[in-house]
Amino acid sequence: MTPDTRPTDTLQIDPQALQRRRNAIWISAATLVILVIITGFIFAILQQEQIKDYTSGYMTSMLALAALASLWLSYRRRVGGISILLFAMLLTTFTLPYLTPGQVIAPALASIIMVSTIATATLPTAWALRFGIIASVVGLAIIVADQFMPVGFGIQSTETGNLPISAGLVAVYSFIVLRRFGSYNLRVKILVSFIFVAFIPLAILGTYNTLTGQNVLENQGRQNLSSLAQNTASQVDKYISNQKDSIRTEAQQPAITAYMSLPSFNRPGSPEEADALRTLNTFVRKDSIFIYSYALLDVSGTNILDTVEDQIGRDESQYDYFIKPFNTGVPFVSTLVFEENSKYNVHFSAPVRNLSGDVIGILRAEYNAAVFQTLLRSLLAGHENQGQLLALVDMNTYVRVAYTGNRDLLYKSLYNYGPVDMAALQLRGGLLPGSPDDTIAISDETVRGIQNIEQVPFFTVPSQSLEDSALTAGVRLNMTDWIALSYQSETILYQPIREQNRTVVLIAIGLILLAVLASLVAAQLISAPLLSLRGTAEKLAAGDLAARATITVNDEIGELADTFNRMSSELSQTLTGLESRVAERTAELETARGQSEERARDLETISDVARVISGEQKLDVLLPLIANLVTEKFEHYHTGIFLLDPNRQYAVLQAASSEGGRRMLERGHLLEVGQTGIVGFVAQTGQPRIALDVGADAVYFNNPDLPDTRSEIALPLNVRGQTIGVLDVQSVKQGIFTTDDLNTLTVLADQVAIAIENARLFGQTEQALTEVQAVYRQYVSQEWRNIASRSGNLSYRHSIQGRGVVDSESQFPQTREAMEKGDALIDAPDAPAGSATLAVPVKLRNQVIGVINVQAVKQGRDWSPDEIGMVQAISERLALALENARLFEETTRRAELERLSAELAGKIGSSIRLESILQTTAQELSRVLGGGTEVLVQIQPGTTNQDALQAVKL
């Protein structure tokens, strides 16, 4: 549609129409130049960001063609030529939600301003007004539509050039309006003024609010990401440290040391090998899901014993997990190793040392790398739908060791290796086997972020798993060359500000519509007082929100001025309120952060104390340790631990950290429960108590040994709902203890109570075990003495002269000496012939029950360690065999007694006469006990009734 379609030669050109034509020519030319520049800029950005959708570039190209057509038609004196450019701009506005999703506000406002400005400068007033209204409706509708578009709609790109381009266009066309403002009629001036007054403050306010909210969310997101990455690194470091400590302990197991200490030719088939293999299998079963195997490597790196039999004999000397612990003597954790059988392994290893401390081999554990995947998923549990991801990346190969995102990216390198480097890494197991598509998932942004993590702790990368850009934080691990990365989807991170913008946009649109309506009314009611508003509008446009219009009339113009002033006041109050709320929120966040950090430090201190005391099991050592740790960690004056006596009448001081406390310990300090001080009160009630000023507290007991105390807190030590003691902490500062301290120290008191109870239970268990062992040793000794008394001489000799039972112990004096000492007796190598003796006691659970005596035939015989070890091993098995024989004999004997008892009971029960029963009983007992045994069965002893007395002698 054009304002006038009559032929040009029939028109009567007036000065204003001529000026509008000139404006149309140079505006079209300027717009053409600007659009060409913008088009080139857009294509450059698309190439830089590797975006294949060129729709935005095509749209600006179409606008440039429309500007060229408008220029040509205006030059040819076609009055409606400029309308082509205006309609093209309006059509382009409809595509903004697709071209710049989530970023429509700036270009939509720019479109409204450009269309209104061009229409005002090139078209008659009526048509300019219509185009201005249409542009405003279309722009505002597009802004509202963009706010409610689903996430992911349209071209997903950054707003690198969006805001600068829009700001540049607004600046250019605002300059046009201001430059030509003097030539506009008053109606147009009013319209333009209202547009500027409405849009500019709202745009500033909206931009400020968006940027402020975005900064707050970004700071919060960075804090959360940093905490998540730090927690991930800490947990992985803790897991690796625990495994290294575990394998260090496992490498010193007696079965492992004994086997590795054997000469290589004695290892195959030896009992030590069987014991070592059983021990290795025990190690594997502690985590059968993630542990592939345990193996022992000799000093040459050869696998000599493995829970996976196929790996025995493999040369592993070229791997770091053999070289590093062998050279350094400390446990080692390897990087991720890829093997040809689709195994992704991490190896833990530790040196095996002999009694002299020399490294005699390496204990190697082969773990499935999926253990770290499981660990990361457990850390992210409950946050899967919050757009967060975790990853562990090897900083040497940039391989994802663990990743909670797309599993297809797991174990792939982020770095774009060349063919030679990739083949070299694959050869030594540093990369997955296969083609580059199977091995590498390139992410240059992530690699650069990891390389610069010390200078820039946060960076943004495109995430295939999140299908979005992700804010990323990284923390290096202490135990290995890995880095923990945490990702946060920017869409989810900025979702609150998007929702806030919806509300702000709706409010702004309402205000804009109100302003446009007011401008239309004012344009229809042209009046002189409007001129007085011009100065006020310019001040507001310059950012002076304190400017107010002077009301000189009481008609509609006066009301409009009043409305204008109220609008200015509301904008000022809104801005002031927003600044105030932002300041208050910032202060609240800072306070909360300080409290959280203090709370975290206290909890970390409690964790350190709990970790230290959990390793001590002796109560007499544990209690002083707790008292000293609490005083040291919390920096207080005195810490005392009271335990209730068995009658629960007194709280007895068991440990103290101060000098005065130690004097109290020496004299056996105790307090009566419920009577003396806050300790007695807490011991009776089981409730914590704080004395902020101990001098004024009515229940405080003034102790001369602790004269500097000004504040005191006593907490009950509760176990299973029962108070077993009191933790008493005193400070030299008045009023230092707060409710937060009470909560923190209550957690510590619970940990202390559990540690004390565990120590008590350990002591009781240890005592019971000692008593059981003593009773069992006494039982074994008594049983073997009974066997010796029943069986007589239990000795047997074998020599070259013959074999048989030994008549007397005197032939072997070493036997008695070895039995008395309980240790092996070895004669000197230069002993005379026939007397070079090796006497090894036969022990059953540390109880000597016999001796193996071996005499050499040749003089000067020197017993080798292998021979001594063989005899000792035989003595251990002999003890077990003898004990089994004794138990079998005892069982057989008891079974025979049971059989005889049953047989005797059957014969007795077959008779019903009293005399016959007595006679049968006596006869059967005499037969069972042997001939010549006199058995007397008597009923009612002491009477003379012969019917009640029966005696049988056989």
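Met62 is exposed, with a relative accessible area of 52%; exposed denotes over 50%, buried under 20%, and partly exposed the range in between (1.4 Å probe, protein chains only). The model is a predicted one, in which local features need pLDDT of at least 70 and side-chain atom pairs count only at pLDDT 80 or more, while totals for chains, interfaces and linings use all residues. Residues are numbered from 1 along each chain as its sequence is written, and side-chain values use heavy atoms, without hydrogens and water.

Met62 belongs to helix H2 (residues 55–75); helices are DSSP runs of H or I with at least four residues, numbered from the N terminus.

Gln373 is located in helix H12 (residues 370–379) and counts as buried because its relative accessibility is 5%. Beyond its neighbours within four places in sequence, Gln373 is in contact (heavy atoms within 4.5 Å) with Ala402, Tyr403, Thr404, Arg407 and Leu410. A polar atom of the Gln373 side chain lies 2.5 Å from the backbone oxygen of Tyr403. The C-alpha atoms of Gln373 and Ala391 are 8.6 Å apart in space, and these residues are 18 apart in sequence.

Thr439 forms part of helix H14 (residues 436–439). With a relative accessibility of 0%, Thr439 likewise counts as buried. A polar atom of its side chain lies 2.9 Å from the backbone oxygen of Leu432. When neighbours within four places in sequence are set aside, the residues in contact with Thr439 include Leu432, together with Tyr411, Lys412, Ser413, Met422, Gln426, Leu431, Pro433 and Gly434.

Technical notes
Helix = DSSP H or I, 4+ residues; strand = E, 2+ residues; numbered from the N terminus. Polar contact = N/O pair within 3.5 Å; in protein donor to acceptor, adjacent residues only side chain to side chain.
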